Amino acid sequence: MVESSTDILAQFQHLQKSGMLDSLEDMQRENKELNRIISDMVQLVSYTGVDSMLRFLISKFLDYFIPQTLVVIVKQPRNDSLQQYHFKRLTKTRDFIKESSFYTLKEFFDTHTNTYQSGEAVSFKSIEKEFAADTFESDFLSLRPNLIIPLMGIGGVYGIIIMGDKIVGNEYTINELDYMHRMFSILAITMQNELHYETSITDPKTGLFTYDYFFKRIQEKIASARRYNTSSAILMLDIDHFKIFNDKYGHLAGDKVLVALAQALQHTVREDDCVARFGGEEFSILLSECAPDSLFIVAERIRKAVSEIELYEKEQKLQITVSIGGCMIEAFRGITPKYIFKRADQALYYSKETGRNRSTIFTIGLLGRALMENQADENDRPV
């Protein structure tokens, strides 16, 4: 028996009066939002690198809200160094705050693990009452913290997120807090996994990449050059008279020089470039998308940046200079990472033998393409 349009209309009106249609619409909206959250979580898990994870989260926050400030502070797995990421209106800045605030909040959440969950946003006003009036310094309070989010790992709290007020609107809504909790709880897991991976491929003293990782990156650049005709380059650096720092001032001073140089190199090159420590006082840089005519310019910029490092030991300024050698990564048949290292090392040796504190770039002449396959050196010329 076919129902008449009158019967169907009557049923619809009955459902409408009972409120079941409104409930159905609410369920549809909730399912749509849940699917969106699940999609965002799946994407977040796929990212590698803390910077990439944070950039993705920020792009998603733009769909919900814009905080005045967003600060992420992360403790490295094998030492007490902190990495800080500061954003104002979701734009990255170079600001930083004193480490004491991080450790104060870390200790608080570590002692209240049964009360708070990883990734859960907690009102700063609610936990501020647990501390003395002068606990948090002005640099932290200037952020006007609204929410504090702990990132918990296997060993306890390893990260703290600080969020200021929203630019538009009043307090964060329940839906916004729920979204944050879900995303930050996933971030806590993916970020810790990434940090442990980074630990396995970085030098513990300088935080730069290891030789093995650098070797792998060179292989990737060779393959890219062959397939896509990309242009990359390698620079090798050696600290001039490094033994003097250790003999005259002690090995602690030598370590300070290594760390200062590592920081200078990281600040001088681009994010896509790869800086590695090969051991001792030798470093290497992989320059992505570097044209042959600009390689010497880049090397000189790095050399001058190193010479401007201000470092003191026993009230005496330490003068740091480096010798640099480099070459392009070209896709000749049979070329290997070891051969590229050999060419860059020969250029570095030339810099050291001709006075140090200088840059040398080996280039290949027109006939060099045929000779290179046989690893002939006759046609190389230093710049």
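A residue is called buried when its relative accessible area is under 20%, exposed when over 50%, and partly exposed in between, with a 1.4 Å probe and protein chains only. By that rule Phe109, at 0% relative accessibility, counts as buried.

Good morning, colleagues. The model is predicted: local features need pLDDT of at least 70, side-chain atom pairs count only at pLDDT 80 or more, and totals for chains, interfaces and linings use all residues. Residues are numbered from 1 along each chain as its sequence is written, and side-chain values use heavy atoms, with hydrogens and water left out.

Let me begin with the sheet. Helices (H or I, at least four residues) and strands (E, at least two) are DSSP runs numbered from the N terminus. Two strands pair if DSSP finds at least two bridges between them. Six strands form an open sheet, in the order β3-β2-β1-β6-β5-β4, with antiparallel pairing. The edges are β3 (91-93) and β4 (122-123); each has a single partner strand, so one side of each is left without a neighbour in the sheet.

Strand β5 (residues 147-153) pairs with strand β6 (residues 156-163) in the antiparallel sense over seven bridges, and the two form a hairpin with two residues between them. Within this pairing, Met152 has Val157 of β6 as its bridge partner, and Ile149 has Ile161 of β6. The pairing of β1 and β6 is also antiparallel, over five bridges, and there Val72 stands opposite Ile161 in β6. How far is β6 enclosed by the rest of the structure? Seven of its eight residues are buried, so β6 is largely enclosed.

Contact here means heavy atoms within 4.5 Å. Axes are lines fitted to C-alpha atoms, for helices over the stretch in contact, and angles run from 0 to 180 degrees between N-to-C directions. Helix α4 (residues 99-110) packs on the sheet and touches β1 (69-75), β2 (82-88), β4, β5 and β6; the direction of α4 makes about 120 degrees with that of β6. Helix α7 lies across β1, β5 and β6, and runs at about 135 degrees to β6.

I turn now to the aromatic residues. Rings of Phe, Tyr and Trp (its six-membered ring) pair if their centres lie within 6.5 Å; planes under 30 degrees apart count as stacked, over 60 as edge-to-face and the rest as tilted. The structure holds 23 aromatic pairs. In one of them, the ring centres of Phe61 and Phe184 are 5.7 Å apart and the planes are at 70 degrees, so the pair is edge-to-face. Phe61 lies in helix α3 (residues 50-61) and Phe184 in helix α7 (residues 174-200), so this pair ties together parts that are 123 residues apart in sequence. Phe61 is buried, with a relative accessible area of 1%, and Phe184 is buried, at 2%.

Phe108 and Phe109 form another edge-to-face pair, 5.3 Å centre to centre and with 75 degrees between the planes. Phe108 is buried, with a relative accessible area of 7%. Ring pairs link Phe108 and Phe109 into a cluster with Tyr116, Phe124, Phe131, Phe136 and Phe140.

Next, the nonpolar cores. A nonpolar core is a set of buried Ala, Val, Leu, Ile, Met, Phe, Trp, Tyr and Cys residues joined through side-chain atoms within 4.5 Å. The largest has 35 residues, of which Leu235, Leu237, Ile239, Leu265, Ile285 and Ile302 touch the most other members. Two or more residues of this core come from each of β7 (232-239), α9 (242-249), α10 (251-268), β9 (282-287), α11 (292-307) and β12 (322-329). The element that gives the most is α10, with eight residues. Setting aside neighbours within four places in sequence, Leu265 is in contact with Leu237, Val275, Phe283, Ile285, Ile302 and Val306. Apart from this core lies another, of 34 residues, among them Leu54, Leu57, Ile58 and Ala121.

Finally, two loops. Arg144 is exposed, with a relative accessible area of 60%. In the loop between β7 and α9, His241 likewise has a positive phi, near 55 degrees. His241 counts as partly exposed, at 47% relative accessibility. Thank you for your attention.
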